[in-house]
Amino acid sequence: MSPARSRRPRTGLVLGAGGVLGAAWSIGALNAIAEVDGVLPHASDIIVGTSAGSVLAALLGAGFTAEQLRAHQLGMPLPHRVGIGWDYDSATGGAFPARPKLAVGSPALLRRSVTNPRHVPPLAVLAALTPPGSGNLAAVGAMVGSVADASGWVAREGIYVMSLDYDSGRRVAFGRHGSPPATIAEAVMASCAIPGWYAPVMINGRRYIDGGAWSTSNVDVLAREEVEQVYVVAPMASFVLDHPHTLTGRIERRVRRQITRRLLHEAGRVRETGAALTILAPGPEDLAVMGANMMDPSRRLEVLETSLRTSAEALRHPRPDDLSGAV
């Protein structure tokens, strides 16, 4: 067989935002991708991680497999010491944030949204208005930092950690050539700094917040990367929604509709390059288990186990006609 015919397609993996439960659901989806499609997530050429997805991107970038991440969620140790003292139920601060400060989060970004409204997405405007959080991401940084090499990053290229400069409104892909320097721990903490929940993270004198303030997935970053096959794991999107009875649940589902529209728009830009995309998002059964609070650690293991089954089923029986399951 000629080298050209035997070449493995250049692959991309996108890991979206989603809090504690989004990370658990994503690990189930990653295991399904490995099991059903025979694709090893950690071997992807480029891995784009946003918020909770950035933590998984760092661990995959350090060489851990989807199966090992699942085992770690279940309380089993990883092959070497990672995140000494890490506790999935408390390390992120619990199910609810501490009381935020009484101030506008970013007056500079708010002014930019007024003078250049087309360049600041709605989620970023909301982030600018949100009072600064007081939560601490030190435990997340310590866990991620424990897999870094001597350079402060993971020992491979192609790991992009998405964040937002809280004052300029610029989206940043830490780890990509030309982006500001940062350690993997700094980048992931910045990517996870949910406005109103955690304090912005200072890197080289600039404040950064959750990359989900720009986009919960940032799929379109891959439109410039010449990838041929892309898997998108999007715990904040849904192609088929349930109908919760609570007001909080109905509001959450409305937000999901908007996130899904944004995801499909970004995915379209990548498809225009000729890349083949597979998108996994939670369905009604997953949503029923998740509830409306994606930071509630008490539901974590049930979400993981449900995703292992529903994600595998979606991959085996995709339904592009109505956009449910995998598309």
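This is a predicted model: local features need pLDDT of at least 70, side-chain atom pairs count only at pLDDT 80 or more; totals for chains, interfaces and linings use all residues.
Residues are numbered from 1 along each chain as its sequence is written, and side-chain values use heavy atoms, with hydrogens and water left out.

Helix α2 covers residues 19–37 and helix α3 residues 52–61; they pack at about 45°, with axes 8 Å apart. Helices here are DSSP runs (H or I, at least four residues) numbered from the N terminus, and axes are lines fitted to C-alpha atoms over the stretch in contact, with angles from 0 to 180 degrees between N-to-C directions. The crossing of α2 and α3 is right-handed, that is, the near helix is turned clockwise from the far one by less than a right angle. On α2 the contact (heavy atoms within 4.5 Å) is made by G19, A23, S26, I27 and L30, and on α3 by A52, L56 and L60. These residues comprise six nonpolar, two polar and no charged, where Ala, Val, Leu, Ile, Met, Phe, Trp, Tyr, Cys and Pro count as nonpolar, Asp, Glu, Lys and Arg as charged, and the others, Gly among them, as polar.

Helix α2 also meets α11 (residues 300–316), their axes coming within 7 Å and crossing at roughly 35°. This crossing is right-handed, and its contact residues divide into 14 nonpolar, five polar and four charged.

The structure holds three cavities of 30 Å³ or more. On a 1 Å grid over the protein atoms alone, a cavity is a set of points where a 1.4 Å probe fits but cannot get out, and lining residues have an atom within 4 Å of a point. The largest cavity contains about 310 Å³ of space. Among its 22 lining residues, V20, A23, A52, V55 and T92 are the closest to its centre. At least two lining residues come from each of α2, α3, α4 (66–73) and α7 (138–145).

The largest pocket (an open set with protein on both sides within 12 Å along at least five of seven lines) holds about 910 Å³. Of its 27 lining residues, L123, I194, P195, M236 and V255 are the closest to the centre. Helix α9 gives the most to this lining, with five residues.

Conventions
Grid points are joined across faces, edges and corners, and a volume is the space filled by probe spheres set on the points.
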